[in-house]
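Reader: Hi! Could you walk me through this one?
Author: Happy to, here it is.

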Amino acid sequence: MPVIIEYIRYRVEDGPAFEAAYTRAAASLDAAPQCLSYSLGRSTDEPSCYILRIEWTSVDGHLTGFRGGPHFAAFLSEIRSYVPDIEEMRHYETVLSGGQPSLYSWAGGAAAFSALTEAFYKLVGADDLLAPVFAGMDPHHASHVALWLGEVFGGPAAYTASRGGYDAMLAKHIGKAITEPQRRRWVNLILDAADQVGLPADPEFRAAFVSYLEWGTRLAVQNSAPGATPFRGAPVPHWGWGVAPPYIP
């Protein structure tokens, strides 16, 4: 999946304050569907030099979608004072790459997982087996699950930052007594939603995607059982390609 990489090189005097500002600004990147991933690096040779790397869905996604969207103002307010410290800012397209893309990037980033969960919970609401389980759910539940899935599949740690990480997700299942038929229906419906919104259908991605769904839902059944004492304090799982890496011709 082609992406555009933005590189910004900074030279700043107060590194800790700069890093703190970008930590706050990152919440806006996490929320922007045009942003696939980001990282901030500090030079080991010259600690005042920083490189910000952001993967965007396209140049237009960055310059029009993000900058013209609802998240840019909050982002800019955090880092505005460091704009004069920019030494270089460029957009790049990939001409050679190694390694593997994350499942998050391959799927289409935040926008893909947001579309997935919105479609999924519409199906849930019309399902006789699952609708009672999710009756009265938080109106933001779908977006929270999108953040969780994004983090699991290699995206920004947005669920951990905004919702509290693994233990917060675990708490949603305690005492729910999820049954095997409900688990199986959950998996079936989210796969239907994946088809509806056009998540990648290549065998490698779907194998990895279903692998997590099976693992996560079976663990949820165990953790939700009456009298269960699930392990707490675990990190958010990070899912990779497993035994079937992405096929890139």
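Predicted model: local features only at pLDDT ≥ 70, side-chain atom pairs only at ≥ 80, totals over all residues.

Reader: Good to know. At what angle do helix 9 and helix 10 pack?
Author: About 150°, with the axes 10 Å apart, for helix 9 (residues 180-197) and helix 10 (residues 203-224). Helix 9 is therefore roughly antiparallel to helix 10 (over 145 degrees; under 35 is roughly parallel, 65 to 115 roughly perpendicular and the rest oblique). Axes are lines fitted to C-alpha atoms, for helices over the stretch in contact, and angles run from 0 to 180 degrees between N-to-C directions.

Reader: Which residues make the contact?
Author: Among them are Trp 186, Val 187 and Ile 190 of helix 9, and Phe 209, Val 210 and Leu 213 of helix 10. Contact means heavy atoms within 4.5 Å.

Reader: And how does helix 5 pack with helix 9?
Author: At an angle of about 130°, with their axes 8 Å apart. So helix 5 is oblique to helix 9, and the crossing is right-handed. Residues including Leu 116 and Phe 120 in helix 5 meet others including Trp 186 and Ile 190 in helix 9.

Reader: Changing topic: which residues touch the most other members of the largest nonpolar core?
Author: Leu 116, Trp 148, Leu 149 and Phe 153, out of 40 residues. Such a core is a set of buried Ala, Val, Leu, Ile, Met, Phe, Trp, Tyr and Cys residues joined through side-chain atoms within 4.5 Å. Helix 5 gives the largest share of this core, eight residues.

Reader: What about Glu 55, buried or exposed?
Author: Glu 55 is buried, at 12% relative accessible area (buried is under 20%, exposed over 50%, partly exposed in between, with a 1.4 Å probe and protein chains only). Glu 55 lies in strand 3 (residues 49-56). Leaving aside neighbours within four places in sequence, Glu 55 contacts residues including Ile 4, Gln 34 and Ser 105.

Note on methods
Residues numbered from 1 in each chain as written. Heavy atoms only, no water. Helix = DSSP H or I, 4+ residues; strand = E, 2+ residues; numbered from the N terminus. Left-handed = near helix turned anticlockwise from the far one by under 90°.
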